[in-house]
Amino acid sequence: MEVTDRARTWFANIALALFYFYFVYNNASSLMVEFKFSVLLFLLFNSCIVVLAFLRRSPQTVTGSSFDYIIAFCGTLSPLLFLGTPETSDNIPLLLLQILGISLAFAGLLSLNRSFGLVPADRGIVTTGMYKLVRHPLYTGYFVLCVGFLLQNFSVRNISAFAVFAIFESLRLLIEEQFLSKNEEYSAYMKKVRWRVIPYVW
């Protein structure tokens with residue numbers, strides 16, 4: 001890995017850690033005011049994501065585009081701006097929606113293993129498990145989880161963070177596919193598994 005790539009990786013890890021601690025501090029404070037399972041579930045899942053980010057496998061190739069890094073981190077960090085709203089109560093059906101999202105995301109993570117990454121990189125092509133159904137099952141699960149959290153913790157701040165998340169995660173997904181499609185194995189996989197996130201939709 002070149003010096004510039006190492007510098008980007010260190011910068012990315014530091015930024016992620018800082019945002020994560022900011023997220024934990026805000027939402028731990030929210031839980032102390034009023035305990036909500038919706039906040040706890042979101043907190044626990046993001047903790048797993050951050051741990052995996054630091055344990056990820058070294059890439060065979062990684063994007064050298066600063067633009068790609070910006071897109072990836074706007075998508076990754078925006079949900080860490082979410083804040084629980086203690087003044088509202090949890091809704092059971094929406095909690096079940098969050099649990100569904102976490103289940104889908106964890107299934108995607110188990111399939112992905114240490115090939116998990118934040119910026120476009122080739123850490124080995126995964127085509128098994130949930131990746132037989134859609135090309136980005138982790139995105140599917142995380143999106144469902146975020147929707148469940150937003151609906152139970154509705155605020156201007158959370159709507160804004162979700163809008164940024166939805167826009168930049170979609171761009172991140174497309175950039176990631178463009179980067180990986182240079183790999184013949186991934187190019188063949190894209191033809192075999194048609195749907196990116198939601199079967200028969202997109």
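Close-up 1. Glu169 is buried, with a relative accessible area of 8% (buried means under 20% relative accessible area, exposed over 50% and partly exposed in between, using a 1.4 Å probe and protein chains only). Because they are three residues apart in helix α6, about one helical turn separates them. Helices (H or I, at least four residues) and strands (E, at least two) are DSSP runs, numbered from the N terminus.

A quick word on the model: it is predicted, so local features need pLDDT of at least 70 and side-chain atom pairs count only at pLDDT 80 or more, while totals for chains, interfaces and linings use all residues. Residues are numbered from 1 along each chain as its sequence is written, and side-chain values use heavy atoms, with hydrogens and water left out.

**Close-up 2. Glu177 meets Arg135.** Here the two side chains join in a salt bridge, 2.7 Å from N to O. Glu177 belongs to helix α6 (residues 156-180), while Arg135 sits in the loop between β2 (121-122) and α5 (137-152), so this pair links distant parts of the chain, 42 residues apart. Buried or exposed, what is Glu177? At 3% relative accessibility, Glu177 counts as buried, and Arg135 does as well, at 6%.

**Close-up 3. Arg196 joins in.** Arg196 forms a salt bridge with Glu177, with 2.8 Å between the closest N and O atoms. Arg196 lies in the segment after α7 (184-192) and Glu177 in helix α6, so the pair ties together parts that are 19 residues apart in sequence. Arg196 counts as partly exposed, at 22% relative accessibility. Put together, Arg135, Glu177 and Arg196 are linked in a network of salt bridges. The count of salt bridges comes to three.

**Close-up 4. Helices α2 and α4 side by side.** The axes of α2 (residues 37-55) and α4 (residues 92-112) come within 10 Å and cross at roughly 10 degrees. (Axes are lines fitted to C-alpha atoms, for helices over the stretch in contact, and angles run from 0 to 180 degrees between N-to-C directions.) That makes α2 roughly parallel to α4, a label for angles under 35 degrees; over 145 is roughly antiparallel, 65 to 115 roughly perpendicular and the rest oblique. Residues of α2 including Phe37, Leu41 and Phe45 meet residues of α4, among them Leu95, Ile99 and Phe106, where contact means heavy atoms within 4.5 Å.

Definitions and conventions: A salt bridge is a side-chain nitrogen of Lys or Arg within 4 Å of a carboxyl oxygen of Asp or Glu.
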